[in-house]
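Please walk me through this structure.

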Amino acid sequence: MSEIKEQSPLWGGRFRKPLDPAAKKFSSSIPLDNRFTEEDIAGSIAHVTMLGECGIISSEEAAQILETLTQIGDEIKSGVLIFSDGSEDIHLAIEDELTKRIGTLGGKLHTARSRNDQVALDQRLYLRKAITRLSSSLTLLQTSFLQKADAYREIVIPGYTHMQRAQPVLLAHHLLAYVSMLGRDVERLNDCYKRVNHSPLGAADFGGTSFPINRRAVAEKLKFHDIVFNSIDAVSDRDYLIELASGCSIIMMHLSRIAEELILWSTVEFGFIEMDDAVSTGSSIMPQKKNPDIAELIRGKTGRVYGSLMNLLTIMKGLPLAYDRDMQCDKEPMFEMIDTTTDCLSMMKLVIDNTIFKTERLKAALHEGYLTATEVADYLVRKGETFREAHRITGELVGHCEGNKIPLSGIGLFELHSFSSKFETDVFDFLDPEKSVLLKISEGSSSHESVKKQLAYWKNKLKID
Ligand code: ARG
């Protein structure tokens, strides 16, 4: 009996046999949650300080536990102390180590606390840091786009819808659309942070405790904005994590779209950009090839993050209150989505910083695809046609040009009159793609004025001179 006791874990009092080794391996979470070491120790320090302050343990006891916890934390940080995969999880491993060093006094640390409180706490502390990191990676990527937009502020490119040439737009306007999308990603993260930033400690497993703890003091020590008030709720939801997974999925969806466009634009068919050798790879068989692998990998890794979101939603969907061990399975998708999204953001920044736009090619592309057709239709509206009629006339004109393989600007006034008597010499200003951009006046359009405003707005927001 005493032998079984010696081997048994901290919760082993009522057990007659140790856990089957295969079941132990199966249920251990330490290979993953050892990434919570710093958070777990910080949480224990705050908890034990509060226990001392509230007189639940003596101040001498609190001081001794604190000193040893700090020591353990330092040793882990410097790599002197490493926990083996044999422990059940990081929470028990640290408490075990504490008890090894200070004996039964170590057992007082867990007064009025459960591992369920610790898991939720560690996760929230970790997520606060992860969100801050993700947010600054997003800002750095926005800055890269902004710098490109500024550098190419005069360049006009063909804009597309349905992947068909549609209208001329400023390249800067196109790039600033990405800055704006990434800006909403930052807002989403900031919003999620508010809900992460509540302390679950003091739930005491789920029902609260009869000890006179001070939950708010612990929350304050750990710089939480507030506590999760309902003790059952405090340990049994992961909605804040799922919210982050949604935020990461949306970020990855944006990155994947950007990647897709970069890949397309780097083809011989488009030839709009060139990615530097530093972000391209070669083919093992075809010597001429330069592949956009980094962008492709970003696009490819998007699925992992969507997978994490699905994984988390599925783990949680059937769980009755309060904590269920299923929730331990949230660690894999959590780390996976944070690591992948953080990596992909910095890789995308590297790609953008190492991409140049081929301005001559972009200029030439403006003269294919009848990009100014909408301006011609709008011109006819201003001369008194209804928009529908103007649309029909311009469509016929484009059909004629296509049949004769000439650009819209290649047609003379005399010929234009066979389509509408409303055409006058000033129509030629509307046929030039670079000039047509100057005609835009609506707020938020692809006009130079609007791009100037957007550049100023984002430079100010991102604090760039
Ligand atoms: N390793 C577990 C997790 O990550 C710790 C919680 C276990 N709680 C319990 N009451 N068995 O969720």
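**Salt bridges and the ligand shell**

K363 counts as partly exposed because its relative accessibility is 40%. Here buried means under 20% relative accessible area, exposed means over 50%, and partly exposed is in between (1.4 Å probe, protein chains only). This is a predicted model, in which local features need pLDDT of at least 70 and side-chain atom pairs count only at pLDDT 80 or more, while totals for chains, interfaces and linings use all residues. Residues are numbered from 1 along each chain as its sequence is written, and side-chain values use heavy atoms, with hydrogens and water left out.

K363 forms a salt bridge with E434. The closest N and O atoms of K363 and E434 are 2.9 Å apart. A salt bridge is a side-chain nitrogen of Lys or Arg within 4 Å of a carboxyl oxygen of Asp or Glu. This pair links distant parts of the chain: K363 sits in helix α14 (residues 359-365) and E434 in helix α19 (residues 433-438), 71 residues apart. Helices are DSSP runs (H or I, at least four residues), numbered from the N terminus. E434 is partly exposed too, with a relative accessible area of 28%.

The structure holds 34 salt bridges. Another of them joins R115 to E88, with the closest N and O atoms 2.9 Å apart. R115 lies in helix α7, and E88 in the loop between α5 (59-77) and α6 (90-102), so the pair ties together parts that are 27 residues apart in sequence. E88 is buried, at a relative accessible area of 13%.

E396 and R392 meet through their side chains in a salt bridge (2.6 Å, N to O). Both residues lie in helix α16 (residues 387-403). They are four residues apart, about one turn of the helix. E396 is partly exposed, with a relative accessible area of 41%. R392 counts as partly exposed at 40% relative accessibility. Elsewhere, salt bridges that share partners join E75, E97, K100 and R101 into one network.

Turn next to the ligand. Which residues are around the ligand? They are S29, D33, D89, R115, N116, V119, Y323, Q328 and K331. A residue is near a molecule if one of its heavy atoms lies within 4 Å of it. By class, the shell has two nonpolar, three polar and four charged residues. Helix α7 (residues 115-151) gives the largest share of the shell, three residues.

Where does the ligand lie relative to the domains? Domain 1 (2-111) and domain 2 (116-205 + 229-355) both give residues to the shell, so the ligand lies between them. The domain bounds come from an automatic or database domain assignment.

A polar side-chain atom of S29 lies 3.1 Å from a nitrogen atom of the ligand. An N or O atom in the side chain of N116 is 2.9 Å from a nitrogen atom of the ligand. For K331, an N or O atom in the side chain is 2.9 Å from an oxygen atom of the ligand. The protein covers 85% of the 340 Å² of accessible area that the ligand has on its own. Accessible areas come from the Shrake-Rupley method with a 1.4 Å probe.

T314 counts as exposed because its relative accessibility is 52%.

Methods: Polar contact = N/O pair within 3.5 Å; in protein donor to acceptor, adjacent residues only side chain to side chain. Helix = DSSP H or I, 4+ residues; strand = E, 2+ residues; numbered from the N terminus. Nonpolar A, V, L, I, M, F, W, Y, C, P; charged D, E, K, R; others polar.
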